[in-house]
Amino acid sequence: IELEGALRKAVERNELLVHYQPQISIQNEQVIGVEALLRWIHPEKGLIPPGTFIPIAEETGMIGEIGAWVLREACRQMQQWQSRYGWNVPVSVNLSTQQFHQENLVGSIKGILEETGLKPEYLEIEITESMMMDAIRSSQILRELTELGIRISMDDFGTGYSSLSYLKMFPIQKLKIDRSFIKDITRNEDDRAIVATIIAMAHNLKMDVIAEGVETKEQLDFLMNNGCDDIQGYYFSKPLSSSDVESKYLTIM
Ligand code: G
Ligand code: G
Ligand code: MN
Ligand code: NA
(Lines give C-alpha, C1' and ligand atoms only; values in the text may rest on other atoms or scores of the structure.)
(Ligands and ions follow the chains in the order given, each with its own letter.)
Protein backbone atom coordinates (compact mmCIF):
# COMPACT_ATOMS: atom_id res chain seq x y z
CA ILE A 1 0.00 0.00 0.00
CA GLU A 2 2.81 2.32 0.94
CA LEU A 3 4.76 1.56 -2.21
CA GLU A 4 1.57 1.85 -4.23
CA GLY A 5 0.98 5.46 -3.19
CA ALA A 6 4.62 6.30 -3.72
CA LEU A 7 4.55 4.71 -7.17
CA ARG A 8 1.55 6.81 -8.11
CA LYS A 9 3.62 9.92 -7.48
CA ALA A 10 6.83 8.54 -8.95
CA VAL A 11 5.98 9.43 -12.53
CA GLU A 12 4.99 13.02 -11.70
CA ARG A 13 8.02 13.49 -9.49
CA ASN A 14 10.45 12.25 -12.14
CA GLU A 15 11.65 9.41 -9.94
CA LEU A 16 11.54 6.89 -12.78
CA LEU A 17 14.40 6.61 -15.18
CA VAL A 18 15.60 4.31 -17.89
CA HIS A 19 18.99 2.64 -17.94
CA TYR A 20 20.45 1.09 -21.08
CA GLN A 21 22.41 -2.14 -21.28
CA PRO A 22 24.54 -2.56 -24.40
CA GLN A 23 24.17 -5.65 -26.57
CA ILE A 24 27.34 -6.73 -28.36
CA SER A 25 28.00 -8.63 -31.57
CA ILE A 26 30.31 -11.55 -30.74
CA GLN A 27 31.92 -11.35 -34.18
CA ASN A 28 33.06 -7.73 -34.19
CA GLU A 29 32.47 -6.60 -30.60
CA GLN A 30 30.37 -3.66 -31.80
CA VAL A 31 27.35 -2.45 -29.84
CA ILE A 32 24.40 -3.67 -31.91
CA GLY A 33 21.62 -2.50 -29.62
CA VAL A 34 20.63 -1.53 -26.09
CA GLU A 35 17.97 -2.88 -23.76
CA ALA A 36 15.95 -0.27 -21.89
CA LEU A 37 15.64 -1.19 -18.20
CA LEU A 38 13.36 0.74 -15.90
CA ARG A 39 14.69 2.10 -12.60
CA TRP A 40 12.89 3.81 -9.71
CA ILE A 41 14.94 6.06 -7.47
CA HIS A 42 12.79 6.62 -4.40
CA PRO A 43 13.73 9.80 -2.47
CA GLU A 44 14.11 7.92 0.86
CA LYS A 45 14.38 4.24 -0.01
CA GLY A 46 16.83 4.72 -2.87
CA LEU A 47 16.84 2.35 -5.81
CA ILE A 48 13.81 0.06 -5.97
CA PRO A 49 14.34 -2.78 -8.46
CA PRO A 50 11.72 -3.33 -11.20
CA GLY A 51 11.11 -6.85 -9.94
CA THR A 52 9.60 -5.21 -6.82
CA PHE A 53 7.45 -2.49 -8.29
CA ILE A 54 6.39 -3.80 -11.72
CA PRO A 55 4.15 -6.43 -10.06
CA ILE A 56 2.54 -3.61 -8.02
CA ALA A 57 2.11 -1.56 -11.17
CA GLU A 58 0.45 -4.58 -12.80
CA GLU A 59 -1.92 -5.25 -9.90
CA THR A 60 -3.00 -1.63 -9.59
CA GLY A 61 -3.34 -0.91 -13.29
CA MET A 62 -0.56 1.67 -13.23
CA ILE A 63 1.45 -0.44 -15.66
CA GLY A 64 -0.30 1.15 -18.64
CA GLU A 65 0.92 4.61 -17.76
CA ILE A 66 4.36 3.47 -16.62
CA GLY A 67 4.84 1.21 -19.62
CA ALA A 68 3.91 4.01 -22.00
CA TRP A 69 6.32 6.31 -20.18
CA VAL A 70 9.20 3.82 -20.61
CA LEU A 71 8.46 3.41 -24.30
CA ARG A 72 8.25 7.16 -24.87
CA GLU A 73 11.40 7.87 -22.89
CA ALA A 74 13.42 5.12 -24.59
CA CYS A 75 12.26 6.21 -28.07
CA ARG A 76 12.94 9.88 -27.29
CA GLN A 77 16.45 9.08 -26.01
CA MET A 78 17.37 6.91 -28.99
CA GLN A 79 16.10 9.52 -31.45
CA GLN A 80 18.21 12.14 -29.67
CA TRP A 81 21.33 9.95 -29.75
CA GLN A 82 20.74 9.31 -33.45
CA SER A 83 20.34 12.94 -34.37
CA ARG A 84 23.14 14.27 -32.12
CA TYR A 85 25.72 11.55 -32.54
CA GLY A 86 24.57 9.48 -35.52
CA TRP A 87 24.34 6.49 -33.19
CA ASN A 88 21.99 4.24 -35.13
CA VAL A 89 21.31 1.27 -32.90
CA PRO A 90 17.92 -0.15 -31.94
CA VAL A 91 16.50 -0.06 -28.42
CA SER A 92 14.64 -3.04 -27.03
CA VAL A 93 11.85 -2.39 -24.55
CA ASN A 94 10.26 -4.96 -22.24
CA LEU A 95 6.50 -5.25 -22.24
CA SER A 96 4.56 -6.56 -19.28
CA THR A 97 1.76 -9.07 -19.77
CA GLN A 98 -0.99 -6.54 -19.16
CA GLN A 99 0.60 -4.01 -21.42
CA PHE A 100 0.77 -6.58 -24.20
CA HIS A 101 -2.95 -7.24 -23.86
CA GLN A 102 -4.06 -3.64 -23.39
CA GLU A 103 -6.77 -2.41 -25.73
CA ASN A 104 -4.81 -0.16 -28.03
CA LEU A 105 -1.18 -1.31 -27.71
CA VAL A 106 -0.38 -1.05 -31.40
CA GLY A 107 -1.95 2.39 -31.75
CA SER A 108 -0.21 3.65 -28.66
CA ILE A 109 3.21 2.45 -29.87
CA LYS A 110 2.53 3.97 -33.29
CA GLY A 111 1.66 7.27 -31.59
CA ILE A 112 4.86 7.21 -29.52
CA LEU A 113 6.99 6.57 -32.62
CA GLU A 114 5.35 9.48 -34.41
CA GLU A 115 5.65 11.78 -31.43
CA THR A 116 9.34 11.03 -30.83
CA GLY A 117 10.33 10.71 -34.48
CA LEU A 118 12.05 7.35 -33.95
CA LYS A 119 11.86 5.11 -37.01
CA PRO A 120 10.12 1.79 -36.22
CA GLU A 121 13.13 -0.27 -37.29
CA TYR A 122 14.99 1.15 -34.28
CA LEU A 123 12.44 -0.21 -31.82
CA GLU A 124 12.39 -3.80 -30.69
CA ILE A 125 9.76 -5.18 -28.34
CA GLU A 126 10.64 -7.91 -25.82
CA ILE A 127 7.86 -10.33 -25.08
CA THR A 128 7.89 -13.50 -22.99
CA GLU A 129 6.41 -16.93 -23.56
CA SER A 130 3.90 -16.47 -20.74
CA MET A 131 2.25 -13.57 -22.61
CA MET A 132 1.44 -15.80 -25.57
CA MET A 133 -1.23 -17.91 -23.88
CA ASP A 134 -3.99 -16.70 -26.16
CA ALA A 135 -2.21 -17.74 -29.32
CA ILE A 136 -4.62 -16.35 -31.87
CA ARG A 137 -4.89 -12.94 -30.29
CA SER A 138 -1.15 -12.80 -29.57
CA SER A 139 -0.19 -13.62 -33.13
CA GLN A 140 -2.57 -10.91 -34.36
CA ILE A 141 -0.93 -8.29 -32.11
CA LEU A 142 2.56 -9.40 -33.11
CA ARG A 143 1.64 -9.28 -36.78
CA GLU A 144 0.36 -5.72 -36.42
CA LEU A 145 3.53 -4.67 -34.60
CA THR A 146 5.67 -6.30 -37.28
CA GLU A 147 3.69 -4.54 -39.99
CA LEU A 148 4.60 -1.23 -38.32
CA GLY A 149 8.25 -2.21 -38.86
CA ILE A 150 9.03 -3.07 -35.24
CA ARG A 151 11.13 -6.13 -34.41
CA ILE A 152 10.04 -8.71 -31.86
CA SER A 153 12.34 -10.65 -29.56
CA MET A 154 11.45 -13.47 -27.20
CA ASP A 155 12.88 -12.69 -23.76
CA ASP A 156 13.81 -15.27 -21.09
CA PHE A 157 13.63 -17.94 -23.76
CA GLY A 158 13.36 -21.47 -22.42
CA THR A 159 11.89 -20.65 -19.01
CA GLY A 160 8.19 -20.49 -19.90
CA TYR A 161 5.59 -23.21 -20.22
CA SER A 162 4.50 -22.68 -23.78
CA SER A 163 5.09 -25.09 -26.62
CA LEU A 164 7.57 -24.49 -29.40
CA SER A 165 4.77 -24.26 -31.92
CA TYR A 166 4.52 -20.52 -31.34
CA LEU A 167 7.94 -20.10 -32.93
CA LYS A 168 6.42 -20.93 -36.28
CA MET A 169 3.11 -19.18 -35.63
CA PHE A 170 4.49 -15.84 -34.48
CA PRO A 171 6.70 -13.34 -36.27
CA ILE A 172 9.71 -13.41 -33.93
CA GLN A 173 13.10 -12.21 -35.14
CA LYS A 174 15.27 -12.95 -32.14
CA LEU A 175 15.56 -15.36 -29.22
CA LYS A 176 17.12 -14.16 -25.97
CA ILE A 177 18.53 -17.15 -24.10
CA ASP A 178 17.64 -16.74 -20.44
CA ARG A 179 20.56 -16.11 -18.15
CA SER A 180 19.72 -19.12 -15.97
CA PHE A 181 21.07 -21.33 -18.81
CA ILE A 182 24.22 -19.24 -19.18
CA LYS A 183 25.14 -19.10 -15.49
CA ASP A 184 26.75 -22.57 -15.19
CA ILE A 185 27.49 -23.10 -18.85
CA THR A 186 31.17 -23.80 -18.23
CA ARG A 187 30.43 -26.55 -15.67
CA ASN A 188 27.04 -28.03 -16.50
CA GLU A 189 26.76 -30.43 -19.45
CA ASP A 190 22.98 -30.08 -19.64
CA ASP A 191 23.11 -26.30 -19.85
CA ARG A 192 25.74 -26.55 -22.61
CA ALA A 193 23.51 -28.94 -24.55
CA ILE A 194 20.45 -26.72 -24.10
CA VAL A 195 22.24 -23.55 -25.15
CA ALA A 196 23.91 -25.15 -28.18
CA THR A 197 20.52 -26.52 -29.23
CA ILE A 198 18.72 -23.18 -28.82
CA ILE A 199 21.37 -21.47 -30.97
CA ALA A 200 21.08 -24.12 -33.69
CA MET A 201 17.28 -24.02 -33.59
CA ALA A 202 17.18 -20.22 -33.81
CA HIS A 203 19.44 -20.25 -36.85
CA ASN A 204 17.51 -23.06 -38.51
CA LEU A 205 14.38 -20.94 -38.04
CA LYS A 206 16.25 -17.91 -39.46
CA MET A 207 16.21 -16.04 -36.17
CA ASP A 208 19.03 -14.22 -34.42
CA VAL A 209 20.05 -15.36 -30.97
CA ILE A 210 21.46 -13.38 -28.06
CA ALA A 211 22.69 -14.76 -24.74
CA GLU A 212 21.76 -12.89 -21.56
CA GLY A 213 23.73 -12.68 -18.34
CA VAL A 214 27.16 -13.29 -19.85
CA GLU A 215 29.65 -12.52 -17.08
CA THR A 216 32.88 -14.31 -18.00
CA LYS A 217 35.30 -14.86 -20.87
CA GLU A 218 34.71 -18.63 -20.59
CA GLN A 219 30.97 -18.19 -21.14
CA LEU A 220 31.68 -15.92 -24.10
CA ASP A 221 34.09 -18.48 -25.60
CA PHE A 222 31.51 -21.24 -25.40
CA LEU A 223 28.89 -19.02 -27.04
CA MET A 224 31.33 -17.96 -29.76
CA ASN A 225 32.31 -21.56 -30.52
CA ASN A 226 28.64 -22.44 -30.83
CA GLY A 227 27.81 -19.63 -33.23
CA CYS A 228 25.76 -17.37 -30.95
CA ASP A 229 25.26 -13.97 -32.62
CA ASP A 230 25.21 -11.50 -29.75
CA ILE A 231 25.70 -11.20 -26.00
CA GLN A 232 24.38 -9.02 -23.20
CA GLY A 233 25.80 -9.10 -19.70
CA TYR A 234 28.14 -7.75 -17.09
CA TYR A 235 31.15 -9.18 -18.94
CA PHE A 236 30.77 -6.37 -21.40
CA SER A 237 28.68 -3.82 -19.46
CA LYS A 238 26.11 -3.37 -16.74
CA PRO A 239 22.98 -1.36 -17.56
CA LEU A 240 24.13 2.29 -17.78
CA SER A 241 22.48 5.62 -17.11
CA SER A 242 22.00 7.88 -20.16
CA SER A 243 24.91 10.06 -19.14
CA ASP A 244 27.16 7.01 -18.72
CA VAL A 245 26.15 5.81 -22.20
CA GLU A 246 27.11 9.22 -23.51
CA SER A 247 30.48 9.37 -21.80
CA LYS A 248 31.32 5.77 -22.66
CA TYR A 249 30.17 5.58 -26.27
CA LEU A 250 29.10 8.93 -27.63
CA THR A 251 31.43 11.66 -26.47
CA ILE A 252 34.28 12.29 -28.86
CA MET A 253 37.44 12.56 -26.79
O1 G B 1 17.09 -4.52 -14.67
P2 G B 1 16.73 -5.68 -13.82
O3 G B 1 17.58 -6.90 -13.87
O4 G B 1 16.59 -5.30 -12.39
O5 G B 1 15.25 -6.10 -14.27
C6 G B 1 14.50 -6.99 -13.54
C7 G B 1 13.28 -7.39 -14.31
O8 G B 1 12.45 -6.25 -14.59
C9 G B 1 13.58 -8.04 -15.65
O10 G B 1 12.80 -9.19 -15.75
C11 G B 1 13.17 -7.03 -16.65
O12 G B 1 12.68 -7.64 -17.81
C13 G B 1 12.07 -6.27 -15.94
N14 G B 1 11.98 -4.91 -16.48
C15 G B 1 12.94 -3.97 -16.51
N16 G B 1 12.48 -2.85 -17.11
C17 G B 1 11.20 -3.10 -17.47
C18 G B 1 10.18 -2.35 -18.13
O19 G B 1 10.36 -1.21 -18.56
N20 G B 1 8.97 -2.94 -18.29
C21 G B 1 8.72 -4.20 -17.87
N22 G B 1 7.52 -4.70 -18.06
N23 G B 1 9.66 -4.95 -17.26
C24 G B 1 10.88 -4.42 -17.06
O1 G C 1 14.17 -10.35 -17.74
P2 G C 1 15.13 -9.51 -18.49
O3 G C 1 15.96 -10.32 -19.41
O4 G C 1 14.54 -8.33 -19.19
O5 G C 1 16.12 -8.95 -17.38
C6 G C 1 17.27 -8.28 -17.64
C7 G C 1 17.91 -8.17 -16.28
O8 G C 1 19.13 -8.88 -16.21
C9 G C 1 18.22 -6.75 -15.91
O10 G C 1 17.68 -6.51 -14.66
C11 G C 1 19.71 -6.70 -15.82
O12 G C 1 20.13 -5.82 -14.79
C13 G C 1 20.08 -8.13 -15.51
N14 G C 1 21.40 -8.49 -16.01
C15 G C 1 21.97 -8.04 -17.13
N16 G C 1 23.19 -8.59 -17.32
C17 G C 1 23.40 -9.40 -16.27
C18 G C 1 24.49 -10.26 -15.90
O19 G C 1 25.50 -10.38 -16.56
N20 G C 1 24.33 -10.95 -14.74
C21 G C 1 23.22 -10.85 -13.97
N22 G C 1 23.18 -11.58 -12.85
N23 G C 1 22.19 -10.07 -14.29
C24 G C 1 22.26 -9.35 -15.43
MN1 MN D 1 14.48 -8.20 -21.23
NA1 NA E 1 15.83 -12.56 -19.34
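The points below go through a predicted model of the protein and the surroundings of two ligands.

1. Overall build. The protein has 11 helices and 9 strands. Its radius of gyration is 18 Å, close to the 18 Å that the globule rule gives for 253 residues, so the protein is as compact as a globular protein of that length. Along the principal axes, the C-alpha atoms fill a box of roughly 50 × 50 × 35 Å. Of the 253 residues, 34% are buried.

2. Ligand 1, the shell. The residues surrounding ligand 1 are Leu37, Leu38, Pro49, Pro50, Gly51, Ile54, Val70, Asn94, Leu95, Ser96 and Pro239. By class, this shell holds 8 nonpolar and 3 polar residues, and no charged ones.

3. Ligand 1, the contributing elements. Two elements, β2 (31-42) and α2 (50-60), supply at least two shell residues each. The most comes from α2, which gives 3 residues. Val70, another member of the shell, is one of the buried residues of α3.

4. Ligand 2. There are 14 residues around ligand 2, and those that come nearest are Gly213, Glu215, Gly233, Tyr234 and Pro239. Pro239 is also listed around ligand 1. The shell around ligand 2 divides into 4 nonpolar, 5 polar and 5 charged residues.

5. Helix α3. This helix covers residues 63-85, 23 residues in total, and spans 32 Å from its first C-alpha to its last, close to the 33 Å expected at 1.5 Å a residue. The buried residues in α3 are Ile63, Ile66, Gly67, Val70, Leu71, Ala74, Cys75, Met78 and Trp81. An α-helix has 3.6 residues a turn, so residues three or four places apart point the same way.

6. Strands β7, β8 and β9. Strand β7 (residues 174-177) pairs with strand β8 (residues 208-211) in the parallel sense, over 4 bridges. In this pair, Leu175 stands opposite Val209 of β8. Strand β9 (residues 230-231) also pairs with β8 in the parallel sense, over 2 bridges, and here Ile210 stands opposite Asp230 of β9. Between β8 and β9 the chain passes through helix α10 (residues 217-225), and this β-α-β crossover is right-handed.

7. Asn14. Most residues other than glycine have a negative phi, and most peptide bonds are trans. Asn14 has a positive phi, near 60°, and is not a glycine. Asn14 is placed in the loop between α1 (2-10) and β1 (16-25). Because 8 other C-beta atoms lie within 10 Å, where exposed stands for 12 or fewer, Asn14 counts as exposed. The C-alpha atoms of Asn14 and His42 are 9.9 Å apart, although 28 residues separate the two along the chain.

8. Asp156. A positive phi is also found at Asp156, about 50°, and this residue is not a glycine either. Asp156 lies within a strand, β6 (residues 151-157). Asp156 has 18 C-beta neighbours inside 10 Å and so counts as partly exposed; a buried residue would need 20 or more.

Note on methods: Residues are numbered from 1 along each chain as its sequence is written. Chains are lettered from A and ligands numbered from 1 in the order in which they are written. This is a predicted model: local features need pLDDT of at least 70, side-chain atom pairs count only at pLDDT 80 or more; totals for chains, interfaces and linings use all residues. A residue is near a molecule or strand if its C-beta atom, placed from the backbone, lies within 6 Å of it. Ala, Val, Leu, Ile, Met, Phe, Trp, Tyr, Cys and Pro count as nonpolar, Asp, Glu, Lys and Arg as charged, and the others, Gly among them, as polar. The expected span of a helix is 1.5 Å times one less than its number of residues. Two strands pair if DSSP finds at least two bridges between them. A crossover is right-handed if, with the strands pointing away from the viewer, the path from the first strand over the helix to the second runs clockwise. The radius of gyration is taken over C-alpha atoms; the globule rule is 2.2 Å times the number of residues to the power 0.38.
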